[in-house]
Each structure stands twice: as C-alpha cells, then as structure tokens.
Amino acid sequence: MNIYVSNLSFNIQDEDLREFFAPYGEVTSAKIVMDKMTNKSRGFGFVEMSDDEAAKKAIAELNDATVEGRNIKVMVAKPKEERPARSNGGNFSNNSYNKNRY
C-alpha cells in the first residue's frame, strides 16, 4: 500500500520516515519529496508497505501524531493525476489571455 504523509518537518529525511513506519511492518520504500530547484524538503513524502493490514494500522495510529512539533497527516495515497502538458511555457502572448483587454 502506498501512504501519503504530509505536514512533515523540513528536517525529516527518508530514513527518518522509514523509522516512523517500521514498527508497524515491512517498509518497502520511504521517500521525502524534494524541491527540484532548491533540493530541500517540500514537507511531504510517501511510504510503501508490503502488508495492507499493517499499513492501515500505521495510518490509524500515526495520523495526527506529533513529530518534531508538527501534527503529521497520514492517509492512503491517491494515484497521481495526469496533467495536460504545457504548450507555451507560460508565455501568454499567443493565446486569448490578452485579447479584448480594453
């Protein structure tokens, strides 16, 4: 089961995240999401556990737990949604954004 963990301290590393869930069962992966530009934590991550029952127990017991002074949120991760590709990189000059402005 893939688990989403949010409101994490920016000091939390992958291994810390793994350690939070290890008492509940086998953790197959634990990953803090990092900002691509700054390479700093974005304050959330994902944990994968091989046993769904262990994962459900971890979610129930760790949701709203206080970690480094922050109440973390723990829930089943939703599948990533497909987003449409950006066509012009944010340059609005060729679309209808500026038409009929005045």
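Which residue forms a salt bridge with glutamate 61? Lysine 57 does, and the closest N and O atoms are 3.9 Å apart. By salt bridge I mean a side-chain nitrogen of Lys or Arg within 4 Å of a carboxyl oxygen of Asp or Glu.

Ground rules before we go on. This is a predicted model, where local features need pLDDT of at least 70, side-chain atom pairs count only at pLDDT 80 or more, and totals for chains, interfaces and linings use all residues. Residues are numbered from 1 along each chain as its sequence is written, and side-chain values use heavy atoms, with hydrogens and water left out.

Back to that pair. Both residues sit in helix H2, residues 52–62. They are four residues apart, about one turn of the helix. Helices (H or I, at least four residues) and strands (E, at least two) are DSSP runs, numbered from the N terminus. Glutamate 61 is partly exposed at 45% relative accessible area, and lysine 57 is partly exposed at 47%. On that scale, buried is under 20%, exposed is over 50%, and partly exposed is in between, with a 1.4 Å probe and protein chains only.

The salt-bridge count is five. One of them joins aspartate 14 and lysine 31, at 3.6 Å from N to O. Aspartate 14 lies in helix H1 (residues 14–21) and lysine 31 in strand S2, so the pair ties together parts 17 residues apart in sequence. Aspartate 14 is partly exposed, at 28%. Another links lysine 73 to aspartate 64, at 2.4 Å. Lysine 73 is partly exposed at 34%, and aspartate 64 is too, at 41%.

Now the strands. S2 (residues 27–34) and S3 (residues 41–49) pair antiparallel over six bridges. Pairing takes at least two DSSP bridges between the strands. Methionine 34 has serine 41 as its bridge partner in S3. S2 and S3 form a hairpin, with six residues between them. Asparagine 39, in the turn, has a positive phi of about 60°.

Last, the inside. The largest nonpolar core has 19 residues. Such a core is a set of buried Ala, Val, Leu, Ile, Met, Phe, Trp, Tyr and Cys residues joined through side-chain atoms within 4.5 Å. Strand S1 (2–6), H1, S2, S3 and H2 each supply at least two residues. H2 gives the largest share, five residues. Leucine 17 is among the residues with the most contacts inside the core. Beyond its neighbours within four places in sequence, leucine 17 is in contact (heavy atoms within 4.5 Å) with residues including Val5, Ile32 and Val47.
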